[in-house]
Amino acid sequence: MMDAIITCFIPYADASQAQGTVAQLKESALVDKIYLLTTDSATTPIDGCELIVIDTLNSSATMKKIAEASTGKYTLLYTKHNQLVLGYLSLERFVALAEDSMASMLYADHYAVADGKRVNAPVIDYQTGSLRDDFDFGSLLFICTRCLKAAAAGIDKEYKAAGLYDLRLRLSRQAPIVHINEYLYDDVELDNRCSGEKIFDYVDPKNRGVQIEMEEACTAHLKAVGGYLEPVFEKIDFNQGDFEYEASVVIPVRNRVRTIRDAIECVLAQKTDFPFNLIVVDNHSTDGTTEAIDEYKDDPRLIHIVPERKDLGIGGCWNVGAHHPKCGKFAVQLDSDDVYADENTLATVVKAFHEQNCGMVVGTYMLTDINKQMIPPGVIDHKEWTPENGRNNALRINGLGAPRAFYTPLLRRLPIPNTSYGEDYAEGLAVSRNYQIGRIWHPIYLCRRWEDNSDAVLDRNKMNANNLYKDRIRTWELQARISKNKRDGK
């Protein structure tokens, strides 16, 4: 006979939603108690369950109530308002691996059920750099109660929205958070939007208060692990090197015949009081892009490069452009899908470098369709970036904004990773470790969404690969920052 060692906590919306989940849990000899988390004190409890009245599911107050109520060796927290469907002997598997791994928390692969279809929903491994507040654990969290109580006892700030995020960061400092690569339950998908629509949720103005809380929780965690960087930056000497051009726009491109002309023309139309050029790194296009670029060969400002190498991603193409002898003092990004907002973008970027003395400048962009008509969510200004804490908060979010521009001598010392996803984010983190990143707060760039965008519609496996790599980038950067602080005696 197995001991009852799991205390379960289930969000309660109504009896019909919770009864199926409760019935399954009652069938397991491992389950000690079942609590229903409700915001309505007048709720009638389901037989055999107790009520806990909460303000919100994700608040610090709720985390404390869960920790206080849990009496089992392990705590099961379900985070969705629908029915949990457990796999065969899945609780036994959670317990066995919890015992073996000594984890603070475990989570598992599962099946996603959407529109009546059941498909595999693998998740990714947790790393020290898995600092995104939207990290996908699935909806079932299996927590060591001893670790839970210790983490809850250390909560020193009351969050309405970031309580669960704060708790799991605290758990990660006690013992590993472990991913079980096995399908242990069914998860009903409540958000059926494609990947290209979900990625901008965190910049939605209505979520600003939530984001401030998440930033505070992440910053506290960075301080606890020794990875927080104070707002002190190295000064930039803009007189390094002998540059013929003040700025170069760099466009890496492969097979974008439909959009490359728009990109080239918007650069050549720029108005500046300094010399600039355009470096197009054509990564062996086969769809007519090469011929489209050659239509502009009579303009001496255009440098068309077809690399000899055939192993280059977007980052590798960027490095080719930055190391070209004709590259200007500042290298300014333009994706082959996109265009600058007007003829003053380049001048605005260069001015920001000098005024803000920064190693990198990031602008504000507007999301549009292929015809440059604004589409939701519109302007993406990344106001979560502040001079005081931007480079710390950058470890929590998934991107920095556009366009991105770099002081070329610095870019040459810090090569961009030769990948086609996350390469610009990795470079931004590396630059911000020592140098200020300047910001431009009005839209200077149009990010055009169309059917061939690389991140408009991604399947789960591709999203997982992208997120795993970005978490790895954050892990490496966090390790570097901890080492930097140790060297600096901080």
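Predicted model: local features only at pLDDT ≥ 70, side-chain atom pairs only at ≥ 80, totals over all residues.
Local features need pLDDT of at least 70, side-chain atom pairs count only at pLDDT 80 or more, and totals for chains, interfaces and linings use all residues. Residues are numbered from 1 along each chain as its sequence is written, and side-chain values use heavy atoms, with hydrogens and water left out.

**View A. Helix α5, residues 163-174.** Helices (H or I, at least four residues) and strands (E, at least two) are DSSP runs, numbered from the N terminus. Nine of the 12 residues are buried, so α5 is largely enclosed by the rest of the structure. Buried means under 20% relative accessible area, exposed over 50%, and partly exposed in between (1.4 Å probe, protein chains only). Among the buried residues are Tyr-165, Asp-166, Arg-168 and Arg-170.

**View B. Lys-26 in helix α1, residues 15-26.** Lys-26 is partly exposed, with a relative accessible area of 42%. Leaving aside residues up to four places away in sequence, Lys-26 touches Ile-34, Asp-47 and Gly-48 (contact: heavy atoms within 4.5 Å). A polar atom of the Lys-26 side chain lies 2.4 Å from the backbone oxygen of Asp-47.

**View C. Thr-364 in strand β15, residues 360-369.** Thr-364 is buried, at 0% relative accessible area. A polar atom of its side chain lies 2.7 Å from the backbone oxygen of Ile-440. Beyond four places in sequence, the residues that Thr-364 touches include Val-379, Ala-402, Trp-441 and Tyr-445.

Technical notes. Expected span 1.5 Å × (residues − 1). Polar contact = N/O pair within 3.5 Å; in protein donor to acceptor, adjacent residues only side chain to side chain.
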